[in-house]
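I opened the model to look up a sheet, a helix and the nonpolar cores. My entries follow.

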Amino acid sequence: MTKLIFFFCIALGAFSCTTKTDVSTISENLDGAIWISDGRTLPEHDSLFYENYPAPLFRKEFTNKGDLKKATLLITAAGYFKATVNGEKIGQDALSPAWTDFSKRVYYSEYDITKQITNGENCLGVTLGNGFYNPLPLKMWGRRNMRDILPVGNPAFIAKLVLEFENNHRTEIISDKSWKVSSGSRTKNNVYLGEVYDATLEKAGWNKVGFNAAAWEFAKTEKGPGGEIQKEFFPPVQVTNEIKPVAISSPQKGIYIVDMGVNFTGGYNIKLSGKKGDTITFRFGERIYDDGRLNPMTTVCGQIKREGQGGPGAPAIVWQTDSYIFKDELEVWYSPEFTFHTYRYMEILGLDKKPQISEIVGLAMNSNVTKNSSFSCSSELLNSIQKATERTFLSNLISVQSDCAAREKFGYGGDLNATSESFIYNFDMQQFYRKTIYDWVDALNDSCFVDTAPYVGIKYCGISWESAFRTTQYNLYLYYNNTDIVKELYELDKKWMEKVARLHPNKIVDSGLSDHESLEPVPVQLTGTCHYLQCAQIMEEFAEVMGDNEAAFKYKNLAEELKTLIKEMFWDKPVEGKINRQTLFSTLLYHEIIPEKEKEAAKDSLLAALKNGPSEHFNTGIFGTKYILEALSKSGNSNSVFDVVNSTVYPGWGFMIDQGATTIWETWKESDNTYSNCHPMFGTVTEWFYRWLGGIQPVENYPGFERFTLSPFIPAELEYVDCKYNSPNGEIISSWKKSGTNKITFEIKVPEGSLAVFQVSSVELANVTVENKGSGETIDINNLNLKTDGIELKSGYYNISGSSK
């Protein structure tokens with residue numbers, strides 16, 4: 001399929017650059033089509049938004065005269081859309097289009113529907129949902145109404161169907177005011193509150209040929225949301241897994257609790273029985289109370305938990321819920337369309353009898369990023385942590401990388417800053433993160449830092465959140481050798497650095513959020529200024545890529561100055577007041593603030609801080625956890641990390657698993673009322689699995705794994721590790737297994753076009769042999785000591801074995 005490629009920047013104020021379109025690659029676009037809607041006027045008062053507002057149905061019949069070669073549908077919406085042809089769903093996507101700032105860009109989808117078109121008459125059908133374009137006026141945390149921030153309006157769509165015939169003729173069916181429209185049976189739909197489906201309002205056959213639409217109105221033309229319409233280039237949201245319940249209980253008469261076995265994000269498909277007028281109500285939660293009742297409180301939108309807090313018309317508690325109202329059918333299968341929930345437990349109210357497990361399927365949804373990488377080992381605990389982390393990550397990929405997919409659903413930069421490398425180790429994130437970067441481009445302004453992209457009005461976290469815009473670019477460069485994004489955004493990046501200099505003229509960052517969820521205080525002067533330093537270092541490298549020597553020199557000097565300031569404030573003299581010393585020393589080591597000759601003292605201080613931690617475990621937060629995992633391991637103390645990770649004592653990942661967690665919590669301490677039980681930021685442990693137990697590490701100045709390190713850590717408690725990472729050059733394998741009394745065998749694969757340096761510093765190996773499995777040749781390593789020396793391995797499969805001393 002020919003791709004439409006856009007190179008662009010859109011931003012506010014001083015943040016702008018030229019939009020470029022490669023016309024030669026354009027296959028189709030939406031030229032000529034018109035935005036259309038049902039023409040309804042939005043309510044004037046907030047309370048009225050909570051009344052019924054049925055999702056509109058649009059239909060258009062057309063004729064295929066035969067000899068059809070290809071049929072292509074291009075479609076997008078302000079809100080969500082579901083498209084059908086002759087009553088059959090088009091494509092496998094859900095919750096389309098992706099959430100963006102609709103006033104700046106809207107992505108359209110392209111579908112080949114040739115096989116769904118019949119000779120003669122056909123019918124296109126489109127249903128619209130509210131999505132993030134027509135949100136409810138919920139006052140999250142009692143004050144933040146997204147209708148005051150987001151571009152909002154009546155849901156609308158724009159589409160073009162292109163019919164190409166064997167005689168090279170073509171016909172275009174566009175969205176215009178010739179389409180007919182009526183109201184549908186989904187009387188309410190909201191990404192937080194869920195949907196209400198009233199089957200008594202169904203219009204049977206409305207999206208098929210021959211339906212009598214004489215009473216329907218003609219669609220109304222719209223201006224649209226204003227954003228540039230661009231072709232989707234990233235993985236769409238789809239149902240990626242079907243989950244079977246493990247149990248159904250009834251804590252009290254008439255109420256059934258379905259246990260899906262794992263926490264996840266998505267929907268469900270359920271067989272329902274009832275009579276006309278019956279209402280079946282669903283609620284969802286990550287937990288249950290001790291008496292077996294549903295506990296929905298960790299998923300409540302915006303912590304709205306009392307009457308009046310959410311604003312006029314809002315429910316007292318804004319939990320996740322759906323409802324189905326029966327028509328004439330005694331049995332139906334029901335699945336919500338324009339909402340998504342995060343849940344392990346589903347409460348059902350209104351059934352006459354207990355549902356059967358076979359009649360319920362959980363539908364896990366996420367942006368369908370490719371997973372060709374994997375990690376597993378001989379420890380069931382570590383495997384459970386890895387699976388919970390993967391599940392948490394996917395649950396927070398609904399077209400944006402969210403911090404919690406139930407309570408907020410926002411794309412916070414802090415979580416992105418902490419976990420983007422962890423996501424990359426597990427999934428192919430290149431195109432998803434390119435979309436994420438453009439979301440940040442649209443969110444930026446030239447006067448302050450913002451916390452999320454798309455922007456939702458939150459702007460107090462500071463540089464450690466907005467700098468994700470820069471670090472994500474760098475990770476696309478480092479892990480995928482994506483220099484296009486560097487070249488495209490370089491001028492914008494330089495302007496952003498000028499903004500940072502204006503907002504922090506003394507260079508020390510003195511405002512914003514620091515090590516979020518640390519168990520002890522961390523000054524933002526430490527973490528924030530280190531993120532400023534990281535951005536200066538990235539800009540030095542980007543300037544070198546661009547051949548901008550003057551800028552490279554400038555950013556190098558800035559980085560050195562920032563290092564000196566941080567060192568003077570946090571190392572050269574004692575830090576006064578209470579501070580998390582684990583975060584302090586791991587941050588200084590991670591960012592290489594401390595001179596080489598003084599690093600041993602810093603390592604000792606970090607180990608002492610770890611020993612003084614709760615249960616000698618980590619007490620770090622969103623950034624400190626990533627830093628301490630790396631700083632300890634890089635300093636030769638991977639055993640200390642393993643002791644924490646491999647423990648079920650609080651605080652730690654093993655403690656979460658031991659308490660029944662199937663996704664990673666927002667806090668070290670278990671929460672049953674406030675904090676999300678499905679939050680990515682502590683998922684950085686998976687990065688440690690790949691980088692240290694698997695040993696797969698990219699090398700700076702060799703982006704895209706042109707050259708990389710293989711340095712696996714071999715704990716005494718593990719028998720084997722299987723680790724695979726899909727690099728741009730192909731699959732990397734770094735697996736090892738113990739056998740006999742002291743033999744260790746390594747299975748290594750280096751892809752074509754790459755060079756690996758293999759080293760094992762955690763154990764001393766004797767009688768080492770290196771066999772190229774492809775050629776069968778044995779490589780002479782000249783008695784190298786793998787604990788201190790590395791072996792260069794060109795592309796190929798290798799078996800390396802030795803005896804541990």
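In what order do the strands of the open sheet of 6 strands lie? I read the order as β7-β6-β9-β4-β14-β17, with antiparallel pairing. I noted β7 (88-89) and β17 (217-218) as the edge strands, since each pairs on one side only. I keep in mind that this is a predicted model.

Strand β4 (residues 56-64) runs antiparallel to strand β14 (residues 180-183), and the two pair over 4 bridges. Opposite P56 I found S183 in β14.

Then I turned to a helix. How many residues of helix α12 are buried? I count 6 of its 8 residues, so by the 20% cut-off on relative accessible area helix α12 (residues 638-645) is mostly covered. The buried ones are S638, S640, V641, F642, V644 and V645. I looked up what they pack against: α1 (380-395), α10 (599-611), α11 (624-634), α13 (653-658) and α14 (685-693).

Last, the cores. In soluble globular proteins, nonpolar side chains tend to be buried together. Which residues have the most contacts inside the largest nonpolar core? I listed M429, W653, F746 and F758, in a core of 180 residues. Helix α7 (residues 524-546) gives this core its largest share, 11 residues.

Note on methods:
Residues numbered from 1 in each chain as written. Predicted model: local features only at pLDDT ≥ 70, side-chain atom pairs only at ≥ 80, totals over all residues. Heavy atoms only, no water. Pairing = 2+ DSSP bridges. Buried < 20%, exposed > 50% of the residue type's maximum accessible area, 1.4 Å probe, protein only. Contact = heavy atoms within 4.5 Å. Core = buried A, V, L, I, M, F, W, Y, C linked by side-chain atoms within 4.5 Å.
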